[in-house]
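Reader: I would like to go through the pockets and the ligand site here. Could we begin with the lining of the pocket?

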Amino acid sequence: MKRLEKEFAVSRTAMKKIMEAFCSEMEKGLAGKGGSLKMIPTYVEMPTGKERGRYIALDLGGTNFRVLELALKGDHKVGRPNIMKFALEKKHMSGSAELFFGFIADCVKDFLKRYKLPDDRPLDLGFTFSFPIRQTGIASGILMCWTKGFAARGVVGSDVVKLMNKALARKGIKNINISALVNDTVGTLVAKCYEKPDCDVGVIIGTGSNACYPEKLSGIKKWHGPGNRSGQMVINIEWGNFNKLAVTSYDRQLDRNSNNPGEQILEKMVSGMYLGQIAGLVLKDMGIEPDSFETMHMSEIEDDATKDLRKTRALLAKLGLPKTSIKERRLIRKVCGIISARAARISASCIAAILTRIDPDISGTHTIAIDGSVFEKHPTFANAMKEALKDIFARKAGRIKLALAKDGSGKGAAIVAAVAAKR
Ligand code: BGC
């Protein structure tokens, strides 16, 4: 346990090192000089809060996806959205592009029918597609690689809006106009900023992990496109691929066995798809082998406040460990705590790096919009991130607010669609 604690610890000095390396990788990425951060210009500007109208959004990026319709009221407020949720199955995630986009188009059709949306006038749609996309415009972009276990064939290297449009046409849907293609971090940032103008970072810590922020056009050295109204553009960092982190033998093992070895190193240390897997590997090393171990199990175990860890015992029994001693349960709980604390401290360090780029002295206030199952559901994650920010910024950490941006990715896509459609 001592060895584990040491290997997984992220000290204050380590956090400062992460910040430095992150800043230098951001700079490289913005200059188009390689490095592990793609720093993708998104063509998106921050909203004014005055955007209005009804828009549709398609939010796809994990095993669940949603179609929603949202009314923007034009006064920093949005109405309650109509939402339908759908589950993607393995066969969709790893079949052909036709099957994948065809299924999504079918779900859009169901949504239009259920909410009786017209089929005789154009409907603007914001498409949240949460993978590394090289944007070629506000409503076009090419998938660079899949992440989070997705593997549908014939999509990498293609424009996902074109593929989606083709699928909609095949299903006889003629009046949907995809007016924006956005990453979930961008949606999350834009949605929160619509309501709270001091929001300047969007973060996802869910199945996958990533962040975005608005950068001055003059700071994007690789940008050769036209200027815009605000002189700023949101940059999708794709921080999941950050690789300047101290890894353990467990991280290496996980990476080797993944379907994208060498890629998404930060994501593999921070996000919900992988945290449970790391815990599983550590436990295996200790001679404890549950049938399966997922991040949500970590949340349940770390949330168990009973004296004899009764809830943990019941959960472990379900996972194929019928007889555990209190000592073993405490040990397992400790392992979970060590792994989730590392994830929270790495995420906080990267947020700190982004903030120092935006505001080197942290002289203003900053709202960080965060969504994702790990941030939302893990019992101590958000607090551990706050503590880490205090370690880094001391009393100035009081100027930084971590705000849950529930369902922001879809709402934000609708807002971006509104801006783009007006143009
Ligand atoms: C993707 C990002 C996305 C993040 C969170 C990562 O795997 O590469 O584009 O923002 O997951 O969903």
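Author: The largest pocket is lined by 49 residues, and those nearest its centre are Gly62, Thr63, Gly206, Thr207 and Ser373. A pocket is an open set of points on a 1 Å grid over the protein atoms alone, where a 1.4 Å probe fits and protein lies on both sides within 12 Å along at least five of seven lines; lining residues have an atom within 4 Å of a point. This is a predicted model, in which local features need pLDDT of at least 70 and side-chain atom pairs count only at pLDDT 80 or more, while totals for chains, interfaces and linings use all residues. Residues are numbered from 1 along each chain as its sequence is written, and side-chain values use heavy atoms, with hydrogens and water left out.

Reader: Turning to the ligand, where is the space it takes?

Author: The space taken by the ligand is the largest pocket; a molecule sits in a pocket if more than half of its atoms lie within 2 Å of the grid points.

Reader: Which residues of the shell are closest to the ligand?

Author: Of the 15 residues that surround the ligand, the closest are Thr147, Asn183, Asp184, Glu238 and Glu267. A residue counts as near if one of its heavy atoms lies within 4 Å of the molecule.

Reader: What is 2.6 Å from an oxygen atom of the ligand?

Author: That is an N or O atom in the side chain of Asp184. A polar side-chain atom of Asn210 lies 3.0 Å from a ligand oxygen atom, and a polar backbone atom of Phe131 is 3.4 Å from one.

Reader: What about the second largest pocket: which residues are closest to its centre?

Author: Among its 19 lining residues, Lys38, Met39, Pro41, Arg134 and Lys222 are the closest to the centre. β1 (40–41) and β6 (133–137) each supply at least two residues of that lining, which divides into 7 nonpolar, 8 polar and 4 charged residues.

Notes:
Helix = DSSP H or I, 4+ residues; strand = E, 2+ residues; numbered from the N terminus. Nonpolar A, V, L, I, M, F, W, Y, C, P; charged D, E, K, R; others polar. Polar contact = N/O pair within 3.5 Å; in protein donor to acceptor, adjacent residues only side chain to side chain.
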